[in-house]
Amino acid sequence: MILDNCPSELHSALASKVSAVGNEVRLITVEYDIKDDKPQTTEVIHIEAVGPEVAEQLLIRRFPHIGRNNARRIAEFADGNARVSLAIAERVEEDESLAQLSDAQLFDRLFEQRKRPDDDLRQQAETLSLVYSFSVSNMESGNSELEVLGSIFGYSHTQLFRSVKKLVDRHVVQKRAHWRAILPHAIANKLAASALDSIPVDRLNTAFEVSGHQRLLMSFAHRLGLLHEHPVAKEIVEAWLQPDGLLGRISTLEDTAVRMLNYVAPVAPEALLDRIETELTVSDFEGMGSPYNTRRRTILNLLQSLAYEKSAFKRCVRLLIRVADLEDESNNYDAVRNKITRFFQAYLSGTHASLDQRIAIMDECLSSGVAERRSLGFRMLSTALNGPPWTGFGATEFGARPRDFGFQPNHDELVEWRTAFINVAVRLGTSGDSDLEDPARLILANAFRGIWRQKAMREKLIDAARRLHAHQTWNEGWKAVRSTINFDYTRRKDEDGSKPLPGNLAALDRELEPHELIPKIMANVLSAGHDCWALDDDFNHDDTNKYRNAEERLAAKALRLGEDFAASNYALNKLGSNLFSNNRMPYRAAFGRGLAKGTHNLRVGWKQLVVQLEQQPEANRDFAVFGGFIEEADSVEPELTQELLDQCAQHPELRNVLVGLHPRREFTEADLDRCMALLDDPDTRTGMYGPILWREEYANLPGDRVLNLAQRLLSKPNGDDVILDALSMRLHDTDLAVDTLGSDLRLVGLRAAIQRLQRDHSDPGGIVEHNMECVVSAALRFGGNKAEKMKWLNTIFTVVDKHYGHIYAFESAIETTVALMPDTFLNRVFDGTKEEQDRQLFFIRHGGLLSSPLAKVDVDILIEWCRSRNDNSVWEAIAAGINLWSGNEDQRVVVMSASAIKLLEASPEPEEVLEVFAERIILSSWSGSRANMVQSRADAIAELAEHKSVQIAKASKSVSAKLVEWIEREKVREQQEDEKREQRFE
């Protein structure tokens with residue numbers, strides 16, 4: 001199926017239907033303007049003008065009698081536009097030559113199409129072309145757009161309407177419902193340019209800028225945006241951009257004005273940049289507000305578009321940096337920093353700025369005294385050195401200005417690019433300033449493997465590596481070389497295509513490999529990364545346990561390095577802050593063991609570690625090296641270990657990880673006493689106690705002590721989360737039929753769930769919900785704790801009542817509760833005042849959850865409960881919460897679930913139940929056509945007209961008739977909305 005003039009919204013609706021039926025239907029839609037976003041299952045193909053050659057071949061094929069010379073002349077005039085070319089060619093006589101005709105004469109021929117010249121029609125067409133599109137019907141506001149346009153040259157509504165009909169017949173005007181547009185733009189723009197030459201600007205302002213003409217004004221702006229070379233268009237837009245002009249107060253524009261600004265930007269880019277610069281550089285500038293703000297998004301995108309030109313690049317990027325200064329660094333939605341760094345891609349950068357310009361901007365950031373700007377500068381450097389892949393900006397259109405994806409270097413230019421940025425990295429990496437050196441050296445190491453793939457860059461990379469290494473051991477570079485060798489030049493025996501290891505890379509590996517103690521420690525123990533196994537000399541790709549075995553060898557290596565360091569004369573400060581950094585460095589515990597094993601005096605070695613810790617910045621620390629030291633000390637002097645652990649309990653930081661610092665032997669009650677002594681301190685982090693409740697190494701502790709810990713945790717801040725997490729870990733991968741927790745811990749777990757739900761019923765990540773469901777399932781599955789079970793149930797309804805029938809998290813825990821105690825839950829729904837019952841019934845029907853709380857309850861249980869109530873109204877309540885459909889509700893054929901049919905058949909008043917089902921069919925949220933979605937569900941109810949039960953069949957016919965009426969009304973409403981939304985040209 002091929003559909004022309006298809007707006008994006010209509011395409012999305014069709015695409016979802018076509019994809020749902022597999023490969024039976026193929027869909028191609030055509031539209032002049034498409035949005036940047038696209039639906040899934042859609043491939044967007046931009047057909048760009050590629051010069052007159054294709055149009056010329058089309059003309060020769062379609063009209064062979066006109067000859068090649070005429071075909072070429074027409075195609076050149078039409079700039080490759082097939083529609084314009086065909087319209088002219090249709091009027092070429094046999095043996096007629098067009099070689100001597102001017103462009104103006106060819107345009108007249110296109111416009112007149114063998115009709116007599118009609119100056120009024122031409123003038124009226126020029127008037128109509130001033131806007132991108134217009135309506136031939138009166139608008140809802142009562143205004144007539146034809147009347148407004150006619151006022152410019154003194155034509156009436158009737159005259160313009162008649163002319164529009166003529167232009168439609170000549171294929172100069174296209175129509176969609178009541179909307180019209182002069183197309184293609186090659187014709188419209190020429191007509192509009194002629195109109196601007198003959199209409200005073202103040203008359204245009206009078207026609208378009210008055211109140212009530214906002215849509216026409218926006219459409220006029222749309223047309224102006226395609227006339228960037230016309231002096232009148234520039235005059236109008238520049239006036240609009242004056243401080244007191246229509247678009248002058250950029251930071252306070254409303255949505256319509258923002259769209260206009262976007263349209264006219266290509267006409268006066270210098271004036272626009274001046275205006276944006278004025279507004280963003282005021283002394284009290286406080287940022288652009290929410291990243292979801294349309295005005296913010298438009299201005300930032302315009303700065304991106306303006307930065308395409310070399311001449312504007314620096315100003316635009318500096319303005320973007322100013323906005324970035326005031327943006328939260330954690331923002332990932334349409335982040336300004338991401339827009340800025342894309343300018344530093346080698347390809348698809350969206351700008352033709354020179355290499356020197358980009359490096360100059362980057363250097364400004366790197367030399368800034370503001371840490372966030374330096375960080376941005378390093379992101380620029382990283383972006384410049386990385387890739388492929390590269391990510392483009394999306395749409396590159398900027399009015400009618402010719403645009404591409406920015407600088408696209410050839411091979412030699414890419415070499416120049418990478419060389420320049422490698423030189424920057426080396427300059428920074430040998431600067432003597434650790435704040436510049438460390439990030440630069442790491443960035444080049446991370447980019448090493450990608451750059452190495454370009455053979456022309458290899459010698460430059462080797463030279464850079466040697467210079468960095470000569471200044472200071474380049475451990476990151478050595479790891480990058482090792483990774484390159486392992487990933488690109490080492491293969492399993494059953495893999496083909498292994499490449500020989502280049503001699504210069506092997507030589508570089510040997511040169512960079514650290515041999516001195518400190519560099520070896522920094523490379524093997526104290527450097528971050530996830531491919532540590534690349535440092536394992538004995539790594540075997542064919543070993544089924546290759547990663548585990550590599551870890552064991554690397555841990556052993558770290559232990560030896562720790563021993564060697566302890567036996568050396570080096571002080572711990574030689575190892576820098578990485579000894580306690582929270583970056584992923586998995587072998588610090590083994591290194592700590594080595595420190596203890598190699599020291600001559602454990603007390604002295606321990607004291608040195610503590611002193612070194614206190615000299616480092618406090619934020620984001622890791623204490624694995626202490627745990628390793630204690631582990632080894634315990635194997636030598638257990639009494640000293642107790643003393644060290646007591647010291648840890650008194651240390652302001654080590655006390656918060658005290659449980660984990662204990663050696664991996666049997667955890668004793670004395671150890672527990674030491675840890676429990678800290679529990680009442682408000683500064684103690686309760687999370688460290690969680691493992692005691694579930695890990696195997698604590699299983700020897702008396703149950704009453706563990707229970708006491710759990711009970712005390714309940715009274716601590718976030719202690720409920722700690723308990724739920726720990727007990728869910730204890731239940732992991734256990735048999736549900738076995739009471740793993742026991743009565744006492746089940747009680748504590750239930751109390752933790754109650755406390756957590758009372759405290760806060762939000763859980764964005766879903767982790768607490770998983771933990772709670774595990775614990776609640778275990779707590780309710782076995783007998784006992786009856787009072788606490790009722791308290792849990794009452795807590796659910798208390799939250800429901802407090803939030804007017806809504807709970808937005810812990811869905812699975814609530815569903816499990818209902819499934820395990822359905823009668824009690826349902827009885828509770830109908831308790832309380834009428835207002836409370838209404839909220840509780842609303843919770844069953846909606847409640848904010850993805851599915852009804854009744855989802856896991858067997859329908860036979862629900863039916864039996866309904867019968868026991870002796871109240872027909874309860875059937876309707878259950879009908880509102882039961883699973884209504886089976887399978888995928890998005891399919892064209894929807895089938896009513898067996899549970900719903902079973903409930904219907906058991907109900908004493910099936911029509912009432914069907915009425916409830918019908919209410920649920922009328923969707924409150926949907927995508928595409930609501931009428932079509934409801935139709936598929938209504939069909940399922942209509943099928944019940946053949947049911948063997950006369951009562952159900954009769955009820956089905958009655959309910960179906962009402963649904964048919966609703967669907968017809970909805971179709972009319974949708975059609976009206978579609979005409980408004982989909983059939984306009986902009």
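**Cysteines, a buried arginine and a helix pair**

User: Is Cys316 buried or exposed in this predicted model?

Analyst: Happy to start there! Cys316 has a relative accessible area of 0%. Buried means under 20%, so Cys316 counts as buried.

User: How many disulfides are found in the whole structure?

Analyst: A disulfide needs two cysteine sulfur atoms within 2.5 Å. For Cys316 the closest cysteine sulfur, in Cys365, is 15 Å away, too far for a bond. Cys675, buried at 0% relative accessibility, has its closest cysteine sulfur 10 Å away in Cys648, again too far. The search of the whole structure gives a count of 0.

User: Is Arg655 buried or exposed?

Analyst: Arg655 sits in the loop between helix 30 (638-650) and helix 31 (658-661). Leaving out residues up to four places away in sequence, Arg655 touches Cys648, Ala649, Leu678, Asp681, Thr684 and Met688. Its relative accessibility is 13%, so Arg655 counts as buried.

User: How are helix 44 and helix 45 oriented to each other?

Analyst: Good one to look at in 3D! The axes of helix 44 (residues 910-921) and helix 45 (residues 930-942) come within 10 Å and cross at roughly 165 degrees. Angles over 145 degrees count as roughly antiparallel, so the two helices are roughly antiparallel.

User: By class, which residues make up the contact of helix 44 with helix 45?

Analyst: Helix 44 passes helix 45 in a right-handed crossing. Helix 44 brings Leu914, Phe917, Ala918 and Ile921 to the contact, and helix 45 brings Val934, Arg937, Ala938 and Ile941. By class, that gives 7 nonpolar, no polar and 1 charged residues.

Methods
Residues numbered from 1 in each chain as written. Predicted model: local features only at pLDDT ≥ 70, side-chain atom pairs only at ≥ 80, totals over all residues. Heavy atoms only, no water. Axes fitted to C-alpha atoms, helices over the stretch in contact; angles between N-to-C directions. Helix = DSSP H or I, 4+ residues; strand = E, 2+ residues; numbered from the N terminus. Parallel < 35°, antiparallel > 145°, perpendicular 65-115°, else oblique. Left-handed = near helix turned anticlockwise from the far one by under 90°. Contact = heavy atoms within 4.5 Å. Nonpolar A, V, L, I, M, F, W, Y, C, P; charged D, E, K, R; others polar. Buried < 20%, exposed > 50% of the residue type's maximum accessible area, 1.4 Å probe, protein only.
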